[in-house]
Amino acid sequence: MNGSLKKVPYDLALVTGASSGIGALTAKKLAAEGLCVVLVARRQERLEEVAAEIRAAGGRAEIFNADLTQPEEREALIQFVRSKGELDVLINNAGFGWHGWFNEMGWQQAEAMLHTNIDAGVHLTTAFLPGMLTRRRGHIIFIGSIAGDIPSRGIGLYAGTKSFANGLVTGLYRETRCSGVHVSVVKPGPVKSEFFDVGKNKPAGSTIPAHQFSIKTERVSQAVWRIIRRPRRAVYVPGYLVLVQWFALLFGWIMDVVGPVFMPARRD
């Protein structure tokens, strides 16, 4: 595509949540750099549109329609990917957010978030990491969030899922050191995508205040490619958000105090 040459020794990549937003643009970026991408999401029509754009630009793309909250559909995806070859890059991007009072969230919404934001990534990682270690080649990337570093009022469960990703990546990063396999997390701030609309339109959901500070989705997909080219455990997007972890450590108590300012306690 556009005469681009592969800059990494990888050929096959799997991108979850690839029908829009970060997933779609990341898939396009990887394809533009010469990788064959397998796109997975629930929306078949949107997947076909993304794949068509990739192919029209000279790239390689395969699609697999699946609901990653369902274990049997994740197993089917795993078999499909294996039929295409040895997986080199896994982008665990599928996930959604929700803003509102946790006691109004309901178990159905909570369960769906846990299955999507946690179970899917863990399941796929357990499936493909062993083969990567055997071949001593590969990269697994979780799309996290600064919310995992600084949980706040209204996004408790979402922040918890991203904190889980931080902990898992840190452990796996240390386990795989010097193995030829890399495990990373990309932690963006608010991103301009369907993320906010999806969360707002969920039952009992509300507008996530951070949407007004959103960055362009392209910045995240570019960060994913940079971390593939120069592996490290974590990268923040924008870069200055690396300060958030230090703020949370030293001044987290401020969030305890000012939280009610941004999400006042309800008076029934």
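**Close-up legends for helix packing, cores and loops**

**View 1. Helices α1 and α2 side by side.** Ala 24, Ala 27, Lys 28 and Ala 31 of α1 meet Val 50, Glu 53 and Ile 54 of α2, a contact being heavy atoms within 4.5 Å. Sorted by class, the contact of α1 with α2 holds five nonpolar, no polar and two charged residues (nonpolar: Ala, Val, Leu, Ile, Met, Phe, Trp, Tyr, Cys and Pro; charged: Asp, Glu, Lys and Arg; polar: the others, Gly among them). The axes of α1 and α2 (residues 44–56) come within 10 Å and cross at roughly 20 degrees (axes are lines fitted to C-alpha atoms, for helices over the stretch in contact, with angles from 0 to 180 degrees between N-to-C directions). That crossing angle makes α1 roughly parallel to α2 (roughly parallel is under 35 degrees, roughly antiparallel over 145, roughly perpendicular 65 to 115, and the rest oblique). The model is predicted, so that local features need pLDDT of at least 70 and side-chain atom pairs count only at pLDDT 80 or more, whereas totals for chains, interfaces and linings use all residues. Residues are numbered from 1 along each chain as its sequence is written, and side-chain values use heavy atoms, with hydrogens and water left out.

**View 2. Helix α1 against helix α7.** The axes of α1 (residues 21–32) and α7 (residues 217–229) come within 8 Å and cross at roughly 50 degrees, which makes α1 oblique to α7. On the α1 side the contact is formed by Gly 21, Ile 22, Leu 25, Thr 26, Lys 29 and Leu 30, and on the α7 side by Thr 217, Glu 218, Val 220, Ser 221, Val 224, Trp 225 and Ile 228. The contact of α1 with α7 comprises seven nonpolar, four polar and two charged residues.

**View 3. The largest nonpolar core.** This core has 33 residues, and Leu 30, Leu 39, Val 186 and Ile 228 have the most contacts inside it (a nonpolar core joins buried Ala, Val, Leu, Ile, Met, Phe, Trp, Tyr and Cys residues through side-chain atoms within 4.5 Å; buried means under 20% relative accessible area, exposed over 50%, and partly exposed in between, with a 1.4 Å probe and protein chains only). Elements that each supply at least two residues of this core include β1 (12–16), β2 (36–41), β4 (89–92) and β5 (138–143), while α7 gives the most, with six residues. Leaving aside residues up to four places away in sequence, Val 186 touches, among others, Ile 141, Phe 142, Ile 143, Val 220, Val 224, Val 235 and Val 237. A second, separate core of 29 residues includes Phe 128, Ile 140, Ala 165 and Val 183.

**View 4. Helix α3 packed on helix α4.** α3 (residues 71–84) and α4 (residues 102–135) pack at an angle of about 40 degrees, with their axes 11 Å apart. Pro 71, Arg 74, Glu 75, Leu 77, Ile 78, Val 81 and Arg 82 of α3 make the contact with His 115, Asp 119, Ala 120, His 123, Leu 124, Ala 127 and Phe 128 of α4. The residues of the contact of α3 with α4 divide into eight nonpolar, two polar and four charged.

**View 5. Two loop residues with positive phi.** Arg 136, although not a glycine, has a positive phi of about 60 degrees and lies in the loop between α4 and β5, where it counts as exposed at 52% relative accessibility. Cys 178, in the loop between α5 (156–175) and β6 (181–188), has a positive phi near 65 degrees, and this residue is exposed, with a relative accessible area of 75%. The chain as a whole has eight helices and seven strands (DSSP runs numbered from the N terminus, helices being H or I of at least four residues and strands E of at least two).
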